[in-house]
Amino acid sequence: MPGFEIFGAEERKQVNDVLETGVLMRYGFDGMRNNHWKAKEFETAFAKRMDSEYCQLVSSGTAALTVALASAEIGAGDEVIMPTFTFVASFESILALGAVPILVDIDDTLTLDPKAVEAAITPKTKCVMPVHMCGSMADLKALKTICNKHNLILLEDACQALGGTYEGKPLGSYGDLGCFSFDYVKTITCGEGGAIITNNKKYAQNADHYQDHGHDHIGTDRGAETHPFWGYNFRISELNAAVGLAQLDKLDGILNIQKQNYTILREALETIEGITFRRVPEGGVENYSFLNFFLPTEELTKKAHKAISESGVDACFYWYTNNWHYIKGWEHLKNLKSLGNLSSEVKSQMQDLNNTDFSKSDAIMGRTISSLIKIGWTEKQVRDRAEAMKKAIASVL
Ligand SMILES: *Cc1c(COP(=O)(O)O)cnc(C)c1O
């Protein structure tokens, strides 16, 4: 996910537009800003690129998830179903609203298992939050069917799959709400930033107000605006939005190179007996930001991961033992280590995560290795990498 690999003259030009006026804020100062509205411009362009009616830019992907949940009127005691394999931002955003994260197993898509989702639904369930990890998507059709049946909100975390599609729709645009991150290591970057997309006017208006202290954004005098409900400050700055505008222009080029490099690596690894690949649901197209594959057993996977690292190949991840992406490393969540006291709803409804059986997730994550796909690699570098990975894996099989 390489936005940072291509920071260049275009980004500098966009940022300079802002620096020349000094209007670093996305709202107001109409007379001083020389007609530069970088955040607004990004929102219009991103909504169009994502085939969505509305886009709300915010300060991070985590903010996007929090604002999206709040916009759908999720609050204390509401249960949100999320996967065991994701980034900590998933439960952070849910808990920030006093809502309750309900963790369920993943399947060989590396995302939510629809059967596990259905089994976890209670009268308090409000939302299902699939996370399209490592460039590919959840079985969105199955999840939408479940959400429709139980009247639940489908919120896609597409932070790691920008540019992928499902049934011809951009990932993030299939559910009720979609969230993106533009942090420094994502497919495109704002430095820090995030976005929410939706076709729901009410959610869009809620998000617009909520991310800016409840401001209704009517008129030209911020001080005189009203506040139909309270919010917080999750605003993006004009400087960050300006970087994102330049990066958005480069998105399709990034996706093309990712696909080329992914294909070379994949064709090489496909020749190894014993390796299988992450399942992409029918109708889905990856964004090719990672190549994800399985070995036959956990033990062989650990050995292969070690052999790959020792052969000098970088950016291959074994998420199973990673502190930030898999439940095994989240003792802070399992033991409810918040700084302050938790709401009574969270205390009473939270699963006992130390004693929940996630052996189905373990059986998949224990056998998964992911290679990041960079866009700065030359073709020779990708081919050399493929050969080195093949050799390292073959040495343990
Ligand atoms: C990066 C990421 C986030 C959070 O984004 P930030 O901008 O870093 O706050 C959320 N979910 C997933 C899947 C991510 O990869």
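This is a predicted model: local features need pLDDT of at least 70, side-chain atom pairs count only at pLDDT 80 or more; totals for chains, interfaces and linings use all residues.
Q: Which residue of β14 is the bridge partner of Asn292?
A: Strand β12 covers residues 290-294 and strand β14 covers residues 368-372. The two pair in the antiparallel sense over 5 bridges. In β14, the partner of Asn292 is Ser370.

Q: Which residue of β11 is the bridge partner of Thr165?
A: Strand β6 (residues 165-166) and β11 run antiparallel and are joined by 2 bridges. Across from Thr165, the bridge partner in β11 is Val285.

Q: Are α3 and α4 parallel or oblique to each other?
A: Two packed helices are described by the angle between their axes and the distance between the axes. For helix α3 (residues 61-71) and helix α4 (residues 89-96), the angle is about 40° and the axes are 9 Å apart. Angles under 35 degrees count as roughly parallel. The two helices, α3 and α4, are therefore oblique.

Q: How many nonpolar, polar and charged residues are in the contact of α3 with α4?
A: The crossing of these helices, α3 and α4, is right-handed. On the α3 side the contact is made by Thr62, Leu65, Thr66 and Leu69, and on the α4 side by Ala89, Ser90, Glu92, Ser93, Ile94 and Ala96. Sorted by class, the contact has 5 nonpolar, 4 polar and 1 charged residues.

Q: How do the residues of the contact of α2 with α8 divide into nonpolar, polar and charged?
A: The axes of helix α2 (residues 38-49) and helix α8 (residues 238-249) come within 8 Å and cross at roughly 35°. The crossing of α2 and α8 is left-handed. Lys38, Ala39, Glu41, Phe42, Ala45 and Phe46 of α2 meet Glu238, Ala241, Ala242, Gly244, Leu245 and Leu248 of α8. These residues divide into 8 nonpolar, 1 polar and 3 charged.

Q: Is Lys337 buried or exposed?
A: Lys337 is in the loop between α11 (331-334) and α12 (344-349). Leaving aside neighbours within four places in sequence, Lys337 is in contact with Glu331 and His332. Its relative accessibility is 56%, and the cut-off for exposed is over 50%. Lys337 therefore counts as exposed.

Q: Is Ile146 buried or exposed?
A: Ile146 lies in helix α6 (residues 140-150). Not counting residues up to four places away in sequence, Ile146 touches Pro114, Val117, Glu118 and Ile121. Its relative accessibility is 7%, and under 20% means buried. Ile146 therefore counts as buried.

Q: Which residue of β3 is the bridge partner of Val80?
A: In strand β2 (residues 79-83), 5 of the 5 residues are buried. Glu79, Ile81 and Pro83 are on one side of β2, and Val80 and Met82 are on the other. Strand β2 pairs with strand β3 (residues 100-104) in the parallel sense over 5 bridges. The bridge partner of Val80 in β3 is Pro101.

Q: Why is strand β9 largely enclosed by the rest of the structure?
A: The residues on one side of β9 are Gly194, Ile196 and Thr198, and on the other Ala195 and Ile197. Both faces are covered. Strand β9 (residues 194-198) is largely enclosed because its buried residues number 5 of 5.

Q: Which residue of β9 is the bridge partner of Cys179?
A: Strand β1 (residues 54-58) pairs with β9 in the antiparallel sense over 5 bridges, and Cys55 stands opposite Ile197 in β9. Strand β8 (residues 177-181) and β9 also pair in the antiparallel sense over 5 bridges. In β9, the partner of Cys179 is Ile196.

Methods:
Residues are numbered from 1 along each chain as its sequence is written. Side-chain values use heavy atoms; hydrogens and water are left out. Two strands pair if DSSP finds at least two bridges between them. Helices (H or I, at least four residues) and strands (E, at least two) are DSSP runs, numbered from the N terminus. Axes are lines fitted to C-alpha atoms, for helices over the stretch in contact, and angles run from 0 to 180 degrees between N-to-C directions. Angles under 35 degrees count as roughly parallel, over 145 as roughly antiparallel, 65 to 115 as roughly perpendicular and the rest as oblique. A crossing is left-handed if the near helix is turned anticlockwise from the far one by less than a right angle, and right-handed if clockwise. Contact means heavy atoms within 4.5 Å. Ala, Val, Leu, Ile, Met, Phe, Trp, Tyr, Cys and Pro count as nonpolar, Asp, Glu, Lys and Arg as charged, and the others, Gly among them, as polar. Buried means under 20% relative accessible area, exposed over 50%, partly exposed in between (1.4 Å probe, protein chains only).
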